[in-house]
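Subject: A structure for you to look at

Hi there,

Here is the structure I promised to pass on. Please open it beside this email and follow along as you read.

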Amino acid sequence: MNPRQKVLIVDDEPDIRELLEITLGRMKLDTCSARSANEARALLKHETFDLCLTDMRLPDGSGLELVQHVQQCYPRVPVAMITAHGSVETAISALKAGAYDFLTKPVDLIRLRELVTSALPLPAHGGTIDRRLLGDSLPMRNLRKQIDKLARSQAPVYISGESGSGKELVARLIHDRGPRPRQAFVAVNCGAIPTELMESEFFGHRKGSFSGAIEDKPGLFQTAHGGTLFLDEVADLPLPMQVKLLRAIQEKAVRSIGGQQEQVVDVRILCATHKDLAAEVAAGRFRQDLYYRLNVIELRVPPLRERRDDIELLAIQMLKRLAIDTGQPVVKLHPQALDALKGFRFPGNVRELENMLERAHTLCENNQIEASDLRLTEGNRATQGGAPDLTQIDNLEVYLENVERQLILQALEETRWNRTAAAQRLSLSFRSMRYRLKKFGLD
C-alpha cells in the first residue's frame, strides 16, 4: 500500500488554511499547516513533504523567500504560490524564483485540484502528469469556467480551435472533472487511421474475420466503455465512416467485424478539429446529421495570439520542463527575446511556442535565450513592417530557411491547416511536406 502524500500549507489566515486542508483531505492527501515562514522552515527540517502551498504575504517575510529556501534546501519539493487576484507580475516573479505554479485569491477549488494533481507524483507511475491549462488571461479564465460547466453533463461537445491550441488537453480536463474521471479516456486522431482499417479500429474485429485478424481485438468504442471517446480531427473521417459513426452514436451499440451480436457501449463523445466544421458540412464533405449529433455544445479554444499576456508564464514553465528533461540548469529568457515572442503571431499556437523554445534551448549559449536564438520570421510578427531587414540575418542559409518556413505557414493558413492541400499548393509531395513540418517544429 502506497503511503499518503503530504502537503505543507503556509498561510496566516485560518480560513484559507482550513479551506485548503478540507479540499486536500478529500483528495486523500495528508496536510500540515504553518502560520509563518519560520514555522514552515521548522516543519520542512523535521518532516518530509511532497508539495508546499504558500501565501505570498507572510507575517515574518515574503513567500518568495520561502520558495527560494525550498528550492535551495529541498529541490524535489514543488512549491505553489498563492497571490492576490490579478497580480500577474507577482506570479511571474514567483515562477522565476522557482515556484511550480501559482493560484490567485479567492482560491478556485477546481484550479487547486488541477494544480495539485499535476504537481504530485503519481505512485502508480512514478512520474508526473501535466494537465494544466496554463495562463491567467481573461480568455483562459473563461475557458476554465466553461470546462467546469460542461464537465457536469454527458452531452457531446465539439471543441473548435486552431492546430496546437490545446484541444486534446481541454478534452482531457472535461473528462477528468466529470462524474467518471477514473474511467477510460480514449483519444484517437481520425486523420491518422488508414481508411481500410477504420471500421476495425473503431468497432473491433473477431479472430479470422479478415486476413491478418489473428486474434479478437476490441475497438475504440469498447475500450472507452464507461468513459470518454475523444475524436480528434473528426473532419478527416471519410463519408462512409461518418455513416457508421453516426449509427453507433444513435444506437449506443457497435458490432465488431465478424461479430454476430451488437455490444452496448456507454461512451461520452468529445470531438475536435482545426477546420470549420460548418463549412465542411456546406461543402458536402461532412454529414449534416452527424454534425448535429456531435455539435450539441461548441467550446472554442482561443489561439495564443488572443492571449499574449500568457506567453511569459507559458515560456517560463516550458523552460523549467526542458531543464528537468535534460538535467541542465533552467535557461533564462532575455527581455528582448520575450518581447519578440509577444510580437509573434504563432500560427502553430502553444505547440509552436514549445517547439520554438526547445530549439532555442539547444542553440543558446550562456544559459540565456537571445532574440536571435528564436529565429523568428518577419512575416509572422504581429506588426508587420514590410520586407525583412537583411542586416539582421546571420547568413544565407538562415534567411532561406525563414523564407521557406513563411511560405509553408502561409499555405497552411490558407488551407485551414490541411496538410495535404497545403502540400499540393506548394507542389510538394506529402512526404516532403511532413519532413518540412517536422524540421520547422510545425508538426
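Phenylalanine 346 sits in the loop that runs between helix 14 (335–342) and helix 15 (349–363). Helices here are DSSP runs of H or I with at least four residues, strands are runs of E with at least two, and both are numbered from the N terminus. This is a predicted model, in which local features need pLDDT of at least 70 and side-chain atom pairs count only at pLDDT 80 or more, while totals for chains, interfaces and linings use all residues. Residues are numbered from 1 along each chain as its sequence is written, and side-chain values use heavy atoms, with hydrogens and water left out.

Back to the backbone. Most residues other than glycine have a negative phi, and most peptide bonds are trans. Phenylalanine 346, although not a glycine, has a positive phi of about 50°. Its relative accessible area is 1%, so phenylalanine 346 is buried; that word means under 20% relative accessible area, against over 50% for exposed and in between for partly exposed (1.4 Å probe, protein chains only). Asparagine 349, which lies in helix 15, also has a positive phi, near 60°. With a relative accessible area of 0%, asparagine 349 is buried.

Which peptide bond is cis, with omega near -5°? The one from lysine 105 to proline 106. You will find proline 106 in the loop between strand 7 (101–105) and helix 5 (109–119).

Next, the rings. A pair of aromatic rings is described by the distance of the centres and the angle of the planes. Rings of Phe, Tyr and Trp (its six-membered ring) pair if their centres lie within 6.5 Å; planes under 30 degrees apart count as stacked, over 60 as edge-to-face and the rest as tilted. Searching the whole structure turns up five aromatic pairs. One of them is stacked: phenylalanine 185 and phenylalanine 230, at 6.2 Å centre to centre with 25° between the planes. Phenylalanine 185 belongs to strand 9 (residues 185–189) and phenylalanine 230 to strand 10 (residues 228–232), so this pair ties together parts that are 45 residues apart in sequence. Phenylalanine 185 is buried at a relative accessible area of 17%, and phenylalanine 230 is buried at 0%.

Phenylalanine 203 and phenylalanine 221 make a tilted pair, because their ring centres are 5.8 Å apart and their planes are at 35°. This pair links distant parts of the chain, 18 residues apart: phenylalanine 203 is in helix 8 (residues 198–203) and phenylalanine 221 in helix 9 (residues 220–223). Phenylalanine 203 counts as buried at 5% relative accessibility, as does phenylalanine 221 at 2%. Ring pairs also join Phe202, Phe203 and Phe221 into a cluster.

Finally, zoom out to the whole protein. How many helices and strands does it have? There are 19 helices and 16 strands. Its radius of gyration is 24 Å, close to the 22 Å that the globule rule gives for 443 residues, so the protein is as compact as a globular protein of that length. That radius is taken over C-alpha atoms, and the rule is 2.2 Å times the number of residues to the power 0.38. The C-alpha trace spans about 70 × 60 × 40 Å along its principal axes. Of the 443 residues, 47% are buried.

Enjoy exploring!

Best wishes
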